[in-house]
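Biologist: Good morning. Could we go through this model together?

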Amino acid sequence: MAGARPPAPGEGVKPFAPEKAKEIVMSLQEPAVFCSMVGDWPALNWNVKYLSALLDGKTIQFRLGLKTVDLAPQFETSCSYVKATLEEFLAWSCGQPCLSGPFSCYEYSKYWAYADYKYIARIFEDKPEVFQDIRWSDFGFPGRSGKESTLWIGSKGANTPCHLDSYGCNLVLQVQGRKKWHLFPPDDTSFLYPTRIPYEESSVFSKVNVANPDLKCFPKFRNATAHVVTLNPGQVLLVPRHWWHYVESIDPITVSVNSWIELDADHEARVEEAITRMLVCAVKSAENPSDGDCWLNPTEAEATSHEINLQYLNKAVSAYFKCQKANVSEQASSSSTSAEQRTSASCKRRKREASSEREGCRLLTHKSGFSAFKAGNPQEIPFGPHLIQVLPQSQETSSMGAVAVESDSRDLLHESEGGHIGKLHCSRKQLVMNNDREAPAHQMDSDSSPNASQTALSTNDLLDCLVNPRVISLVARLLLERRV
């Protein structure tokens, strides 16, 4: 458990300079854990007792879900919500009887609670000095602090359904307790049965409960590759762009802080999200309200009108082309500068060209979707005790710090002088073909209704196809081509 403590000797020494840390964050397209990078951050003191005193009785919203393991994901639309102080949460999470108050109807042995997506700039708006407790400048992002971060506080079992974030990459600092992350690469999207219901801008959910998958309903999930990481206090996890993740608190109380890092590719992603919003709102708003389908995630205030969605789409398209124009101008300026510098000494020229090549590779990564790590030289990524890579089980350990594991119960790395390295686990699911649910589309009963092995198609079934990430990506490209 993280608590107030003086810095240990050597904690002020960072294994990576900010420029190198940023290069890793912006180029690496596989999850990795940074160690020994935040030992001097005041935010490491942000345990629940400290935060409770800091908030001084201010209430925040908690999401409550059942601890029972079901085959279906426990989406936010099926959870309960209460407003409570951290003092009340702390008493409840310690198992103290709550005869009154916000948690009185929720037995600790049956429920978990999660204060998730709490924007630090909002909950600490009257204490802006605490923003500086978080120093993302150590990762090469000067000026980024708690003001651009979110806070997550949960009890044991609190979880976020499996999803991918449409925008940016993610840096996650674990402050108190441990969280278990199940991550899946973007190439596994079809195996995870993506859905936009419940709808939330920038989140594509999976229909699969990855902690307890229903392989009869979702047989392709057997093909997915899981990377499982237990994140310890003081470690920072890099979640690259479009990596799926399911996150669960495995200690009685957990506290995390994260920040989403913007990428050039976000401009096209916003066009895709604008198209998705327009289609989902149009189709779902046409349904009979009495159907009782909670299709809008609680994080979305309301279903926006077609006119507003069209305005949003046009703004996203304009922003995309504005970014493209800026990139072209920047590249032209860079080329002109390089031409002038060719008169320099040959040794300096070689250094500049090498640097330019790496930068060009990074920019290409964001636009093409391929990583510099995969396409370039793996030796350039400094894996080791301070940067831990997680490899699928089928891959052999090929470099220092790379880890291949056999089971989720095996401790791979132990504590060292540099601090907690943490437990890194991953598993490769066997490729198994399951055709039990496949039935010819023409098989119908005598009354022309679907037979027992089929169910009638719903609006959500149609939307799952219509706003499938692959379809939306194609539509966005076609739409942008019309404006060229």
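This is a predicted model: local features need pLDDT of at least 70, side-chain atom pairs count only at pLDDT 80 or more; totals for chains, interfaces and linings use all residues.

Biologist: How many cavities of 30 Å³ or more does the structure hold?

Modeller: The structure holds one cavity of that kind.

Biologist: Which residues line the largest cavity?

Modeller: The lining consists of Asp165, Tyr167, Gly168, Cys169, Asn170, Val239, Pro240, Arg241, His242, Trp243, His245 and Trp260.

Biologist: And how do the residues of that lining divide by class?

Modeller: Six are nonpolar, four are polar and two are charged.

Biologist: Let us turn to the helices. At what angle do the axes of α2 and α3 cross?

Modeller: Helix α2 covers residues 48-55 and helix α3 covers residues 86-93; their axes come within 8 Å and cross at roughly 150 degrees. An angle over 145 degrees counts as roughly antiparallel, and α2 and α3 are therefore roughly antiparallel to each other.

Biologist: Which residues make the contact?

Modeller: From α2, Val48, Lys49, Leu51, Ser52 and Leu55 take part, and from α3, Leu86, Glu87, Phe89 and Leu90. By class, this contact of α2 with α3 has six nonpolar residues, one polar residue and two charged residues.

Biologist: Another topic: how many aromatic pairs does a search of the whole structure find?

Modeller: The search finds 19 aromatic pairs. One of them is formed by Phe89 and Trp92, with 6.5 Å centre to centre and 40 degrees between the planes, a tilted arrangement.

Biologist: Where do Phe89 and Trp92 lie?

Modeller: Both lie in helix α3, three residues apart, which is about one turn of the helix. Phe89 also belongs to the contact between α2 and α3.

Note on methods. Residues are numbered from 1 along each chain as its sequence is written. Side-chain values use heavy atoms; hydrogens and water are left out. On a 1 Å grid over the protein atoms alone, a cavity is a set of points where a 1.4 Å probe fits but cannot get out, and a pocket is an open set with protein on both sides within 12 Å along at least five of seven lines; lining residues have an atom within 4 Å of a point. Grid points are joined across faces, edges and corners, and a volume is the space filled by probe spheres set on the points. Ala, Val, Leu, Ile, Met, Phe, Trp, Tyr, Cys and Pro count as nonpolar, Asp, Glu, Lys and Arg as charged, and the others, Gly among them, as polar. Axes are lines fitted to C-alpha atoms, for helices over the stretch in contact, and angles run from 0 to 180 degrees between N-to-C directions. Helices (H or I, at least four residues) and strands (E, at least two) are DSSP runs, numbered from the N terminus. Angles under 35 degrees count as roughly parallel, over 145 as roughly antiparallel, 65 to 115 as roughly perpendicular and the rest as oblique. Contact means heavy atoms within 4.5 Å. Rings of Phe, Tyr and Trp (its six-membered ring) pair if their centres lie within 6.5 Å; planes under 30 degrees apart count as stacked, over 60 as edge-to-face and the rest as tilted.
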